[in-house]
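Please look at the aromatic rings in the structure shown below, and work through the questions that follow.

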Amino acid sequence: MISGLLIVNKAGKETSHSVIERIRTLYGIPKAGHFGTLDPMAEGVLLVGLGKATKFFDFYIKKRKQYSGTIKFGFPTSTYDREGLPLSEKKKIDLNGIDLDSLLGEFTGEIRQTPPAYSAKKHKGKPLYKYARENKHVDIKPVLVSIYSLKGKIINPDTIWFEAETSSGTYIRSLAHDIGQKLGAGAYLDSLKRLRIGEFDLSGAVPSQELSERLDISNFQELVIPIESLLPEFPKVIVSPAGSRAVVNGAPLTPKEILKIYPAMNKTHFRLFDEEGKLLAIARKDLKIRQFNPFIVFPD
């Protein structure tokens, strides 16, 4: 079974789920999932975990994301994007009369943001969009997110182009809506492209439309980043044969079973490999009793 990470450039007008289903069907991969959804209208980087790599969801969902897009002013919409229903009459606006840098500066840094009613965020185990479709009110609590950078330029009297780097959990639709509310004119997200997730950007992505053309499984396999190459920020630990047997059974790894450690920046988690270069597990280090505790294991 193929295991690894596939970087997809999702086209607009298709869902993240449909991309996953196409991969499962075309290449016979039963276990596949995306690491952070993109709305149907959005395009850009979609990380797809295959096989054993689906266990890395919690790591990749937390990585920073970079976006570009356009925001149109004049009225808000029910979905906070161009696909929703207008919530007010259109107001005439000329953005050339505002200080755009100051406006965007108010949304830079750590901010509180309310997710859109039409979103996949769950409330009591049920996506918010299902409540919205049933016309049921849900008290959505604001969440703390980080906007690391936000810049823009006015491209016509009622539209701005923007580029943003954000933390995980940030809704760009909510950002567009809130900027419109701050200006008093209303606004919605008119277009969106995800440029990057963590270290992965569009330069290494395969267009989603091309997936149906790459029916040769060997060609497809060349596009997949193997699990052994993922999470390079975690130190690489080479373990002895006795250590390998312990690790694949979920048992702790002691210092005497370690042959070599290749240091890396992040010391909270460690990647455990056998002498042949096979990834065995992801582990945490217990400093008190000097051992590594595997919590994600990749048995044969």
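Q: Which residues form one aromatic cluster?

A: This is a predicted model, in which local features need pLDDT of at least 70, side-chain atom pairs count only at pLDDT 80 or more, and totals for chains, interfaces and linings use all residues. Residues are numbered from 1 along each chain as its sequence is written, and side-chain values use heavy atoms, with hydrogens and water left out. Rings of Phe, Tyr and Trp (its six-membered ring) pair if their centres lie within 6.5 Å, and such a pair is stacked with planes under 30 degrees apart, edge-to-face over 60 and tilted for the rest. The one cluster is made of Phe56, Phe59, Phe234, Phe295 and Phe298.

Q: How many aromatic pairs are there by this rule?

A: The rule is the one on ring centres, within 6.5 Å. Counted in this way, the aromatic pairs come to ten.

Q: What is the angle between the planes of Phe35 and Tyr60?

A: Phe35 and Tyr60 are both buried, where buried stands for under 20% relative accessible area, exposed for over 50% and partly exposed for in between (1.4 Å probe, protein chains only). Their rings form a stacked aromatic pair, 5.7 Å centre to centre, and the angle between the planes is 5°.

Q: Which residue lies over the face of Phe295?

A: A charge sits over a ring if NZ of Lys or CZ of Arg is within 6 Å of the ring centre and within 35 degrees of the ring normal. At 3.8 Å from the ring centre of Phe295, the residue over the face is Arg284.
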